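Open the model in your viewer and keep the selection panel handy. We will go from stop to stop, picking a few residues each time.

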2 protein chains.
Amino acid sequence: MLFDMTVPQFIKMLHNLDLILDKGAQLATEKKFEVEVLLNSRLTPNQFNLIKQVQIACDTAKLCAARLSGKEAPVHNDSEKTLPELKNRIAETIAFLKTVSAADFKDAETKHISQPRWEGKYLTGVEYVIHHAVPNIYFHVTTAYSILRHNGVEIGKKDYLGELPFKK
Amino acid sequence: MLFDMTVPQFIKMLHNLDLILDKGAQLATEKKFEVEVLLNSRLTPNQFNLIKQVQIACDTAKLCAARLSGKEAPVHNDSEKTLPELKNRIAETIAFLKTVSAADFKDAETKHISQPRWEGKYLTGVEYVIHHAVPNIYFHVTTAYSILRHNGVEIGKKDYLGELPFKK
């Protein structure tokens, strides 16, 4: 279940993020302003702007999949400044996620996960997903959504959640 | 793992939400404005205000735990207008969540979960958690956080994530 909670759901959320960025671009065209205004918007002066929210959402997904599967994640140097560049960042992240399979997660639950800023401390794979990766990706996708909505882009909860796999 | 992804983590997130509301109250005292101004703030005119974000975060947690465990959730009629009332709503939700145990989730994964607006369609317990309950609770807690931050409350990612269960 650790795989289902992460890789496919992260692909879906990044896809949804890509679609709401398009809706931002559409508003920019309609209202005749540069879409970069949206990309550089933020909700408060000392919070990250939309570009950075997208970058961190991508990195959260990419690094979670890489750490739990042992696969090497593509490197990105956070140089995106335009909408096509930002959409390409999302596309490259999704392409990497699609190379990771449930079988790659065979040892994921008990793996020790750490990162430099944790100063030698670690979380198990399960703890890392539940307490860190999952809350973080939703935080950054929601904040991106909020920046767009705050600036007049007409999006709603359905754009955030995406399709639900309903059965009859 | 379905239990660990939901009940204890929802308790933690609602506790974190309670703490950032307190920080909002602290700013209101310092800057001498009514805390109700924050409670009625929103990021865009046609989005829910802070009170409603908190109510929905609570309901998402409560209903997920109730649907998956079969336990009856406490009824709330969304009448909260003041900070003490809103904090009480969170406290009652946490108290209910604490009555739900991992053993109560024994059939949760394959249970069929539905709600009136889904018009007879359903999700399995696993799908409901991954595609609906988890993305929703983080959405509403993050939006509450963003409303506070947008209005000058000094909070950061650590307030949102809370304590991580680090090991050495």
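Start by selecting α2(B) and α4(B), whose crossing is left-handed; that is, the near helix is turned anticlockwise from the far one by less than a right angle, whereas clockwise would be right-handed. Helix α2 of chain B covers residues 7–31 and helix α4 of chain B residues 50–69; their axes come within 10 Å and cross at roughly 165°. Helices here are DSSP runs (H or I, at least four residues), strands likewise (E, at least two), numbered from the N terminus. Axes are lines fitted to C-alpha atoms, for helices over the stretch in contact, with angles from 0 to 180 degrees between N-to-C directions. α2(B) and α4(B) are therefore roughly antiparallel, a label for angles over 145 degrees.

A word on ground rules: this is a predicted model, in which local features need pLDDT of at least 70 and side-chain atom pairs count only at pLDDT 80 or more, while totals for chains, interfaces and linings use all residues. Residues are numbered from 1 along each chain as its sequence is written, chains are lettered from A in the order in which they are written, and side-chain values use heavy atoms, without hydrogens and water.

Now show side chains between the two helices. From α2(B), Phe10(B), Leu14(B) and Leu17(B) are among the residues that meet α4(B), where the partners include Val54(B), Ala57(B) and Cys58(B). Contact means heavy atoms within 4.5 Å.

Stay on Leu17(B). Which residues does Leu17(B) contact beyond its neighbours within four places in sequence? Select Val54(B), Ala57(B), Ile90(B), Val141(B) and Ala144(B).

Next, widen the view to the largest nonpolar core, which has 120 residues. Such a core is a set of buried Ala, Val, Leu, Ile, Met, Phe, Trp, Tyr and Cys residues joined through side-chain atoms within 4.5 Å. Leu14, Leu17 and Leu68, in both chain A and chain B, have the most contacts inside it.

Move on to Gln115(B), in the loop between β1 (112–113) and β2 (123–124) of chain B. Is Gln115(B) buried or exposed? At 14% relative accessibility, Gln115(B) counts as buried (under 20% relative accessible area; exposed is over 50%, partly exposed in between; 1.4 Å probe, protein chains only). Apart from sequence neighbours within four places, Gln115(B) touches Arg67(B) and His132(B).

Finally, jump to Pro8(A), in helix α2 of chain A. Pro8(A) is partly exposed, at 36% relative accessible area.

Notes. Parallel < 35°, antiparallel > 145°, perpendicular 65-115°, else oblique.
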